[in-house]
Amino acid sequence: MARKVGFKSIKINAVAVRNFSETEIMGLIEMGRSEGFEIRFIEFMPLDSDKVWERDKVLFGHEIIDLIKENYELVPIDNSLEIGPASEYNFADGKGKVGIITAVSNPFCDHCNRIRMTADGKLRTCLFSTNETDLKKLIRSGSTDENIIDALNQAVLIKEPGHKINLDDFERPTRAMHAIGG
Ligand code: SF4
């Protein structure tokens, strides 16, 4: 559909889970190469609605790369992290590229400039935020533009430095990924 409506550059994100995704990776790679899509593998993060995430279920980015390299030579794209969260690689034969998002093993929070608005009007300054700013309530209560701008500024000023998945004091957010918006 995306191609039919004219999008030229199409990326497909796939979460990789240990003991589950290993046999699927090359199938996705082949589909991406033949269709001209960039496949981007994302390390499994504790944002699943079933709450089954465990560190042992994370298929790490370097392991995904190793699996692909069994079949294809990859050439790293030097500046890929400057334009997004994925480390990107070209296939050495010139046919397509692949991205790896090492959200757990090598977080890119230092470069993060993302904020998100949920479908129910809450502003979140990190996927793993435990606090939200209720913009919908502000707007519906007749707040001035200045008050809304102030609330946005206050939220962004205390944006989290990053997730704490790899630390002992990590706190899982109550919202799962589907309730945040990617
Ligand atoms: S700061 Fe939060 S939203 Fe940004 S990359 Fe890190 S975990 Fe993701």
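Residues are numbered from 1 along each chain as its sequence is written. Because the model is predicted, local features need pLDDT of at least 70 and side-chain atom pairs count only at pLDDT 80 or more, while totals for chains, interfaces and linings use all residues.

**Stop 1: the whole chain.** Show the protein chain as a cartoon. You will find four helices and eight strands, where helices (H or I, at least four residues) and strands (E, at least two) are DSSP runs numbered from the N terminus. From that terminus on, the order is β-α-β-α-β-β-β-β-β-β-α-α. The C-alpha atoms fill a box of roughly 60 × 45 × 30 Å along the principal axes.

**Stop 2: the sheet.** Next, pick out the open sheet of five strands, ordered β1-β2-β5-β4-β3 with mixed pairing; two strands pair if DSSP finds at least two bridges between them. β1 (11-16) and β3 (74-76) are the edge strands, each with a single partner, so one side of each lacks a neighbour in the sheet. Now select residues 87-91 and 97-101: these are β4 and β5, which run antiparallel and are joined by four bridges. Within this pair, look for Glu88, which stands opposite Gly99 in β5.

**Stop 3: two helices on the sheet.** Select residues 25-35 to see helix α1, which lies across β1, β2 (38-43), β4 and β5 and runs at about 150° to β2. Then select 61-69 for helix α2, lying across β1, β2, β3 and β5, at about 155° to β5. Axes here are lines fitted to C-alpha atoms, for helices over the stretch in contact (C-beta atoms, placed from the backbone, within 7 Å), and angles run from 0 to 180 degrees between N-to-C directions.

**Stop 4: the core.** Which residues touch the most other members of the largest nonpolar core? Select Ala16, Phe41, Ile42, Leu59, Ile64, Ile100 and Ile101, out of its 17 residues. α1, β2 and β5 each supply at least two residues of this core. Such a core is a set of buried Ala, Val, Leu, Ile, Met, Phe, Trp, Tyr and Cys residues joined through C-beta atoms within 7 Å; buried means that 20 or more other C-beta atoms lie within 10 Å of a residue's own, all placed from the backbone.

**Stop 5: the ligand.** Finally, select the ligand and its surroundings, including Cys109, Cys112, Arg114, Cys126 and His163. Each surrounding residue has its C-beta atom, placed from the backbone, within 6 Å.

How values were computed
A residue is buried if 20 or more other C-beta atoms lie within 10 Å of its own, exposed if 12 or fewer, and partly exposed in between; C-beta atoms are placed from the backbone.
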